[in-house]
Amino acid sequence: MKKISLQARLTLLSALLLTICCVTLDILIMNSAIMKLEEVGDSIPYIKIDNNEDSYVINLPSTYPEIQNALATTKEGFRRQCFIITAIIIAIGTMLTWVISGIALRPLKNLNRSIGEISASNLSTELPETGGSDEIATLTHSFNHMLCRINDAFLSQKQFSANAAHEL
């Protein structure tokens with residue numbers, strides 16, 4: 001996990017959270033819808049027909065098996081649709097997380113690039129500060145302060161070496 005970039009780690013964690021939420025909602029909604037479909041199926045098995053003299057009870061599932069088949073097909077289609085929609089939402093959410101985390105981490109990448117350009121010959125160069133109060137601005141300010149101290153120490157050492165060479 002240490003070799004994976006911060007952007008990838010944020011994306012993976014967000015995708016995991018999104019997957020858990022979507023699958024949980026999917027299961028809850030699917031079970032609720034299936035229960036309602038079963039209630040509909042249970043409410044129509046028998047129809048009582050009253051005529052003036054006789055009354056008839058018709059068992060619809062045995063008389064019309066296509067009703068039961070249609071309910072079963074509807075349930076299966078609903079399950080399949082729920083899983084497909086969940087997979088699409090997770091995929092889109094993961095891609096959006098990747099893009100948004102890349103945008104959010106851009107100042108950190110710029111800071112890293114600027115730090116990489118500093119060498120012993122340009123210790124007095126300060127990194128540009130964003131002027132904000134976020135973590136990147138605080139880190140940039142701290143790094144500039146550290147660079148200033150390193151530059152002062154480097155100049156002191158240079159001065160000491162020059163004085164020692166002159167005295168010798």
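Visitor: In which helix is the place of Leu-96?

Guide: Leu-96 sits in helix 3, which covers residues 65-104; helices here are DSSP runs of H or I with at least four residues, strands are runs of E with at least two, and both are numbered from the N terminus. The model is a predicted one, in which local features need pLDDT of at least 70 and side-chain atom pairs count only at pLDDT 80 or more, while totals for chains, interfaces and linings use all residues. Residues are numbered from 1 along each chain as its sequence is written, and side-chain values use heavy atoms, with hydrogens and water left out.

Visitor: How many helices and strands are there in the chain?

Guide: The chain has five helices and two strands, and along the sequence they follow the pattern α-β-β-α-α-α-α.

Visitor: Is Leu-96 buried, exposed or partly exposed?

Guide: A residue is called buried under 20% relative accessible area, exposed over 50%, and partly exposed in between, with a 1.4 Å probe and protein chains only. Leu-96 counts as partly exposed because its relative accessibility is 48%. Of the 168 residues of the chain, 19% count as buried.

Visitor: Which residues make the nonpolar surface patch?

Guide: Patches are built from residues with over 30% relative accessible area and no salt bridge, where like charges are joined within 9 Å and nonpolar side chains (Val, Leu, Ile, Met, Phe, Trp, Tyr) within 5 Å. Here Ile-84, Ile-88, Ile-92, Met-95, Leu-96 and Ile-100 make a nonpolar patch of about 590 Å², the areas coming from the Shrake-Rupley method with a 1.4 Å probe and, for residues, only the protein chains shown counting as cover.

Visitor: Which residues make up the largest nonpolar core?

Guide: In soluble globular proteins, nonpolar side chains tend to be buried together. A nonpolar core is a set of buried Ala, Val, Leu, Ile, Met, Phe, Trp, Tyr and Cys residues joined through side-chain atoms within 4.5 Å. The largest one in this model has six residues, namely Leu-111, Leu-123, Leu-127, Ile-136, Phe-143 and Leu-147. Helix 5, residues 135-167, gives the most to this core, with three residues.

Visitor: What does Leu-127 touch, not counting residues up to four places away in sequence?

Guide: Contact means heavy atoms within 4.5 Å. With those neighbours set aside, Leu-127 touches Leu-111, Ser-114, Ile-115, Ile-118, Thr-140, Phe-143 and Asn-144.

Visitor: Where is Leu-105 found, and with what is it in contact?

Guide: Leu-105 belongs to the loop between helix 3 and helix 4 (106-116), and it counts as buried because its relative accessibility is 13%. Apart from neighbours within four places in sequence, Leu-105 is in contact with Leu-6, Gln-7 and Leu-10. Leu-105 and Gln-7 are 98 residues apart in sequence, yet 7.3 Å apart in space, C-alpha to C-alpha.

Visitor: Which side chains meet in a salt bridge?

Guide: A salt bridge is a side-chain nitrogen of Lys or Arg within 4 Å of a carboxyl oxygen of Asp or Glu, and by this rule the count is one. The pair is Glu-76 and Arg-79, at 3.6 Å from N to O; both lie in helix 3, three residues apart, about one turn of the helix. Glu-76 is partly exposed at 39%, and Arg-79 is partly exposed at 30%.
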